[in-house]
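Trainee: I have a structure open and would like to learn how to read it. Where do we begin?

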Amino acid sequence: MKEFKPLPDQPAPNDTVGPIHWVKDNFFSSAMNTIATLLILALLATVVPPLVDWLLISANWSGTTQDACTKDGACWVFVIAWSKQFFYGSYPTEELWRINLCVLMLIGVIASSQLLNKDWRNKFSIPAFLLLPFVCILILDGSWIGLEYVSTDYWGGFALNVLLAAASIIVAFPLSFVWALGRRSEMPFIKSVSILLIEFFRGVPVLALFFMGSVMLPLFFPEGTNVDKLVRVWIVLTLFMAGYMAEVFRGGFQAVPTGQYEAADSLGLSYWQKTLLIILPQVIKVSMPNILATFVMLFKNTTFLLIIGIFEVLSTTQTALTNSNWLGGHSTEGYLFVAIVFWICCYSMSRISASIERKLDTSHKN
Amino acid sequence: MSVEQEKTNENNDDIIVIKDLNKWYGEFHVLKDINLRVKKGEKIVICGPSGSGKSTMTRCINRLEEFQRGSLTVNGVEMIEDVKNIEAIRREVGMVFQHFNLFPHLTILENLTLGPIWVQKKPKKEAEATAMKYLERVKIPDQANKFPGQLSGGQQQRVAIARSLCMNPEIMLFDEPTSALDPEMIKEVLDVMIELANEGMTMLCVTHEMGFAKKVADRVIFMDAGEIVEQNTPEEIFNNPQTDRLQLFLSQILDH
């Protein structure tokens with residue numbers, strides 16, 4: 001019998017690979033494409049040099065008052081002089097180490113989730129991440145753990161945006177999962193309550209919710225109790241986030257094939273074992289991009305809190321801009337700074353989420 | 001053995017007893033007066049055209065499908081609404097699906113130990129030892145730490161069989177276990193099933209692999225339009241069909 005020998009692999013033709021081909025293929029593949037490439041290059045040539053000049057070359061970096069801003073470029077002196085308030089709000093200077101400690105712990109937990117293996121990630125990083133906001137609240141407040149008490153009136157700046165967003169998502173996560181389960185439930189009461197909650201918090205603008213939180217929510221608390229303004233904001237943000245996340249999870253549930261439920265059932269797993277061990281991990285995996293999108297939205301929405309007088313970063317910036325020593329028109333620098341800080345955070349989160357997605361991807365398809 | 005003889009032969013050997021089982025999907029009557037008794041250690045192959053209710057009947061046995069009338073008893077436990085009964089029955093019944101249904105986020109070993117650890121409350125070490133034993137039986141112990149997505153269809157189906165066996169079931173249900181496989185992988189799965197049959201496992205297998213039916217089945221059941229049309233030994237079913245429906249079915253699956 002004749003032996004079958006597979007043909008050896010041959011290299012791809014030269015004109016279909018390599019950098020020159022890539023440029024040709026992506027920028028100059030057709031007449032229209034070439035024109036678009038040239039127009040965009042011309043646009044960049046007119047916009048980028050003056051922008052770089054204003055941002056960096058003619059910018060003012062040193063000094064402590066706005067009189068130091070003598071050059072034409074951006075007056076970064078303004079941002080540098082106010083940076084403490086931007087990041088920490090009016091938190092007492094001698095207690096700033098507490099905020100720094102919280103930031104360090106956050107970085108540590110994120111790093112651990114990237115560096116540790118799966119076992120340790122489940123045992124350490126995830127619980128640590130879930131507990132971190134509460135630990136930070138205890139540290140920042142101080143009165144429960146023997147440190148000097150710092151009233152929430154002094155909490156502020158970008159640290160407050162991060163803290164509120166993180167504390168909200170962590171409570172919203174399990175809450176929204178339960179709401180999403182409730183919406184899929186066959187029990188009419190649970191189903192309708194879940195739909196009502198989800199649709200209410202999704203359908204009402206977040207600003208309206210903030211006002212309700214500061215005006216209406218106190219009516220639901222027992223008489224005489226004075227619930228901290230930040231706690232009320234926290235509740236509102238959590239419920240708002242949960243409404244969105246519940247719908248994200250619902251989409252995730254629909255992506256899990258029925259065969260997974262059947263296989264779990266046929267093994268004799270109970271409802272909660274099936275939901276938490278089999279379904280939830282797969283739901284989180286498919287929902288990861290949407291969970292992140294929702295979180296980024298919530299994180300940016302924390303700047304709306306300036307409207308109800310919470311000293312988060314944007315409201316601190318406005319205070320700085322109206323300070324009588326800094327009335328030189330630094331709003332471009334101020335808002336640009338806030339935009340850059342948010343962008344860096346959101347972009348980092350999207351990188352982290354992409355890396356989590358890769359870790360969760362067990363399909364190993366080529 | 002005819003249906004009448006089966007009925008008179010009531011004894012404790014019957015591990016599955018289905019009496020006058022009827023099922024509807026809304027208005028649609030999918031299972032009509034199903035009566036079936038399965039002895040411990042018996043191997044049954046169920047065949048029939050698609051839509052005949054063979055999968056649905058099999059899935060009723062571990063309550064993946066509900067039924068509206070009749071009764072079903074598995075290993076002495078009656079199938080009723082009670083979660084306790086359902087879970088008790090599911091612990092005794094393993095199931096292998098057409099599309100494997102392995103858990104994609106868990107490794108092969110974790111797929112196998114999940115049930116023993118969480119349902120049977122076995123210690124992790126013991127569950128892993130059992131899992132490796134069964135992986136060796138289905139001849140893929142070297143794949144233990146891979147994920148299902150990295151395995152071929154035939155390997156995945158063998159893992160699925162091993163996953164069921166880890167629960168130490170009394171009965172194994174197979175719902176078209178080879179229908180989603182490439183031709184070259186069917187044999188490796190059938191070999192595992194034949195080995196299992198030879199060890200005395202009670203098996204109900206929905207399949208169109210007639211070679212398998214001839215080799216291991218004690219009884220072949222032919223279903224159409226939601227009822228059991230004929231049941232007999234493989235020789236009788238294939239060589240001496242009693243109804244025109246079975247004759248037509250056989251001529252269509254064998255003549256090409």
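This is a predicted model: local features need pLDDT of at least 70, side-chain atom pairs count only at pLDDT 80 or more; totals for chains, interfaces and linings use all residues.

Trainee: How much space lies in the largest cavity?

Mentor: About 70 Å³. Helix H3 (83-92), strand E6 (93-96) and helix H6 (153-165) of chain B are the elements that give two or more residues to its lining.

Trainee: Which element gives the most to that lining?

Mentor: E6(B), with 3 residues.

Trainee: What is the volume of the second largest cavity, and which residues line it?

Mentor: The second largest cavity has a volume of about 40 Å³. Its lining is made up of Arg137(B), Val138(B), Leu165(B), Val192(B), Glu195(B) and Leu196(B). By class, that is 4 nonpolar, no polar and 2 charged. Helix H7 (residues 183-198) of chain B gives the most, with 3 residues.

Trainee: Now a single residue. Is Ile161(B) buried or exposed?

Mentor: Look at relative accessibility: under 20% is buried. Ile161(B) has 0%, so it counts as buried. Ile161(B) is found in helix H6 of chain B.

Trainee: Which residues is Ile161(B) in contact with, leaving aside its neighbours within four places in sequence?

Mentor: Val96(B), Met172(B), Phe174(B), Val189(B), Val192(B), Met193(B) and Leu196(B). Take Phe174(B) from that list: Ile161(B) and Phe174(B) are 13 residues apart in sequence, and their C-alpha atoms are 9.0 Å apart in space. Val192(B) and Leu196(B), also contacts of Ile161(B), are among the residues lining the second largest cavity.

Trainee: How do I read burial along a whole helix? Which residues of helix H8 of chain A are buried?

Mentor: List the buried residues, then view them down the helix axis. In H8(A), residues 206-215, Val206(A), Leu209(A), Phe210(A) and Gly213(A) are buried. Seen down the axis, the buried residues of H8(A) fall within an arc of 100 degrees, so they line one face of the helix.

Trainee: What do the buried residues of H8(A) pack against?

Mentor: Four helices of chain A: H7 (188-203), H9 (217-220), H10 (229-255) and H12 (271-301).

Trainee: Where in chain A is confidence lowest, and where highest?

Mentor: It is lowest in H9(A), at a mean pLDDT of 78, and highest in helix H11 (residues 258-266), at 94. Chain A as a whole averages 88, with 99% of the residues scoring at least 70.

Note on methods
Residues are numbered from 1 along each chain as its sequence is written. Chains are lettered from A and ligands numbered from 1 in the order in which they are written. Side-chain values use heavy atoms; hydrogens and water are left out. Buried means under 20% relative accessible area, exposed over 50%, partly exposed in between (1.4 Å probe, protein chains only). The arc is that of the directions from the helix axis to the C-beta atoms. Contact means heavy atoms within 4.5 Å. pLDDT is the predictor's confidence in each residue, from 0 to 100. On a 1 Å grid over the protein atoms alone, a cavity is a set of points where a 1.4 Å probe fits but cannot get out, and a pocket is an open set with protein on both sides within 12 Å along at least five of seven lines; lining residues have an atom within 4 Å of a point. Grid points are joined across faces, edges and corners, and a volume is the space filled by probe spheres set on the points. Ala, Val, Leu, Ile, Met, Phe, Trp, Tyr, Cys and Pro count as nonpolar, Asp, Glu, Lys and Arg as charged, and the others, Gly among them, as polar.
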